[in-house]
Amino acid sequence: MSFYAILLALHNLNRWLVLLTGVWAVIQSISGLNGKRPFTPAERRPVSMFMGTLHLQVVLGLLLFAYMGMQKIPVFAGAGRSSFQWEHLGLGVLAAVFGTLASTQSRKAGSEVGKYRAAALWSGLALLMILGAMPWFRPLLPHF
Ligand code: HEM
């Protein structure tokens, strides 16, 4: 198995962790907007996990990009438009920035409901960027 195939398989699989933790973070944050619950470490968990999986995804993506460049393997050759690789990279990085803001801004907010609001807003925006960046024309699971 080539280094490219290993990196691509990890990037493919981690995409599901990104999506699962993202949906979990958004649902959890929205459910606290009525102000009836404090924002405890248990509520923070999906937000932190979402940020962690996003950071890992960006690192794997950058490694893939660099390795494919060195090996002269075309990136997203079957995408239909050559700009897709840059849309994928840009939206992916933006998603990680928003996912980080979900974590930091929900820590800084002055009230409990403010913490939920920050987590819901930034996690939601990160999830939208991810849905836009996703290459749905590629395999849903890696081929081993
Ligand atoms: C953060 C959200 C991201 C998600 C959900 C995501 C998801 C994916 C998926 C599902 C694939 C296809 C895997 C396969 O064919 O098995 C892929 C490929 C790829 N991604 Fe990402 N990615 C993200 C961010 C990034 C970033 C930030 C970069 C770059 C620097 C990047 C670079 C790449 C590259 C180079 C490929 C391989 C393209 C090819 O094989 O032709 N990704 N990504």
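Within α4, the buried residues (20 or more other C-beta atoms within 10 Å of their own, with C-beta atoms placed from the backbone) include Ala 118, Ala 119, Trp 122, Ser 123, Ala 126 and Ile 130. Their cover includes α1, α2 and α3. This is a predicted model, where local features need pLDDT of at least 70, side-chain atom pairs count only at pLDDT 80 or more, and totals for chains, interfaces and linings use all residues. Numbering runs from 1 along each chain as its sequence is written.

As for length, α4 has 22 residues and spans 32 Å from first C-alpha to last, close to the 32 Å expected at 1.5 Å a residue (that is, 1.5 Å times one less than the number of residues). Helices here are DSSP runs of H or I with at least four residues, numbered from the N terminus.

Ala 102 is in contact (C-beta atoms within 7 Å) with residues including Phe 50, Trp 122 and Ala 126.

Now the ligand. Its shell has 29 residues, with Asn 12, Gly 61, Leu 64, Gly 92 and Arg 138 coming nearest; near means a C-beta atom within 6 Å. α2 supplies the most, eight residues. By class, the shell looks like this:

| Class | Residues in shell |
|---|---|
| Nonpolar (Ala, Val, Leu, Ile, Met, Phe, Trp, Tyr, Cys, Pro) | 21 residues |
| Polar (the others, Gly among them) | six residues |

Conventions: Helix = DSSP H or I, 4+ residues; strand = E, 2+ residues; numbered from the N terminus. Contact = placed C-beta atoms within 7 Å. Buried ≥ 20, exposed ≤ 12 C-beta atoms within 10 Å, placed from the backbone. Lists of a residue's contacts leave out its neighbours within four places in sequence.
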